[in-house]
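Hello,

Here is the structure we talked about, handed over for your files. My notes on its aromatic contacts follow below.

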Amino acid sequence: MSALTTTPRGKTAPTTPSATPTTTRIAGSHILQASPHYTTTRRHSLYGTEDRVVVDPGSRIWKVGFSGEGRPRDVFYSDPINVEPLWGLSRASDAATRAEQDRLLEINIERRMRSVFHESLLTDPKSRKVILVEHPLLPLHIKEIFARVLFGNLQVPSISFAPSHLLSLLSVGRITGLVIDCGHLETAALPIFAARPLFPHLRTTPLAGSRFTSHLRALLLLFGKYAPPPTSLTVVNPPLASRLTRVPQEILTASLVEDIKTRCCFVSSVLEARHDIRPSSPTTSVSEADVLPESDAAVSESEFSRASASDVPESFVSSQPGASSDSGTGSESYLQALANLYTRYSSATDVQLRVVPPTSQQMGTGRGTLIVPGWIRERAAEVLFEGGDVDEGSVAEVILDALLKVPIDLRTTMASSILVTGGTAMLPGFIPRLHVELLRAIAPPGPPRQSSRHGRPAPPLYDRYAELRPLIPHFAILNNPVPQVSTSSSTRAMANAGKAPAYSPALMAWVGGSLAGALKTGGMEITREKWDEAFSSQNDDDEAAITAADSEQLLKDIIPDWTKIPLPVGALSAPAAPKPMLATSPHTQAIARA
């Protein structure tokens, strides 16, 4: 005898038994639950083939699901074992090494794609069209690997490559704006007008999640503290404070640093006192020599984060925040003075984490203790806002550089419609801090410094963003959780600031792909028939193998690549006006007729 369905909170339940164990009708509504394994109510997502598979393959984190749904079905690391990105910004120069890297990348992508269809989505790839969310600077050889795996191994019907910035803007219901994607490898700002990405105005910087991770690791090696596990469980061990030592490099694995970054770190407000640092030693008098040198005369935070763990100077490791240097003169290094400043002005508490000790300390007595200082949690993200470098501008400078490239009549619209996406933007306080950094970067420069040349005036300071200064009242970030508007803000800025739906910045591109797939507007579609027809000569044993140049040309004809598309020549020139007829005498007209 079948059991009757019940309704919580005492509501009247229907007396008819349920038809199938996997289908449950909710009382008072006509919503059918597709499966007890999913929280969705869309039956055709599980049993039909109309919905497309939306894949957002980041270099480190993938998001997969069906179109028409509000969130992805699964989010996972591309390399779940080592927590490392599948590809990077560089590529081997040697042909043999490059071919081996591409083959290894293809194996990993094929493994991940099979996991997507057979484990995450539980669907047949032969009956599902795929929408791939791509970064504008995704290399062509990686697109080729994705297409080869999906068409050759999984035999999907079609693939659509859709730009991530446009999909992110579509997810908030807009078609015009300036989208900045703060990912793992790089940060890219792309203006979009009327759903058309302005790719020639794209601006990027390597200050992104990978630089933030390396900077955090270096700070933990310098200023973090580690307490090894007790040597014995029977003897009374000394207190924790007396067992503190340097942080061993072995315990700072990629997964541990990622865990610290996502669970402990946040972005604080601007520290104005950073630009006027003095030594903390009370015996030292303040003079010109004690002023902190500029970043071109010392090691800046961005330069320091580039160094690997083995390149960390011993002098930095031996010094702890709040202690003077060994020289006895009271002068401190740039990083030491910066650490002392952050320690004095930080209100964040230290965090203790239980970590696996090194192999030499694993004696069965427990785990070690890693102490993360509060100022590192609060100020590790400062490396993302450190600008002034020509090749590595800050996140705010990338936005302003993109605004300088767009036409003048579009600058107001773009400045009032800024959208911040990407996993790095999920740091608490990142978006409000970015708005403050925009206003600080566009502000007028300070008074000129005193000239070091005797008898010569100091050269004027270079005002890089002078022509963007009228845009200060118009700056607004669409997904700013704390909209910063004032009486001087324009009407457009007040109407746009913080008005975007509350999607997670890391999921906006996938949500836009889901919406595009539901509306059947996923971009240019590549069918399997077109792919097989173009590469049929490669599988023919009777014909000679095509050359690498021919294969590359085929890829350019099939896979969209905006970097190889010639720029439009612009509007056609106006036709020349007809020349006015000059008055001529009757004698001249008679000669012309003859």
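**Aromatic contacts**

Trp62 is buried, and Phe76 is buried too (buried is under 20% relative accessible area, exposed over 50%, partly exposed in between, with a 1.4 Å probe and protein chains only). This is a predicted model, where local features need pLDDT of at least 70, side-chain atom pairs count only at pLDDT 80 or more, and totals for chains, interfaces and linings use all residues. Residues are numbered from 1 along each chain as its sequence is written, and side-chain values use heavy atoms, leaving out hydrogens and water.

Rings of Phe, Tyr and Trp (its six-membered ring) pair if their centres lie within 6.5 Å; planes under 30 degrees apart are stacked, over 60 edge-to-face, the rest tilted. That rule gives seven aromatic pairs. In one, Trp62 and Phe76 have ring centres 6.1 Å apart and planes at 40 degrees, so the pair is tilted. Trp62 lies in strand S2 (residues 61–66) and Phe76 in strand S3 (residues 74–77), so the pair ties together parts 14 residues apart in sequence. Helices (H or I, at least four residues) and strands (E, at least two) are DSSP runs, numbered from the N terminus. Trp62, Phe76, Trp87 and Phe146 form one aromatic cluster.

Phe385 and Phe430 also make a tilted pair: 5.6 Å between centres, 40 degrees between planes. Phe385 lies in the loop between helix H10 (374–379) and helix H11 (395–405), and Phe430 in helix H13 (residues 430–442), so parts 45 residues apart in sequence are tied together. Phe385 is buried at 8% relative accessible area. Phe430 is buried at 0%.

Best wishes
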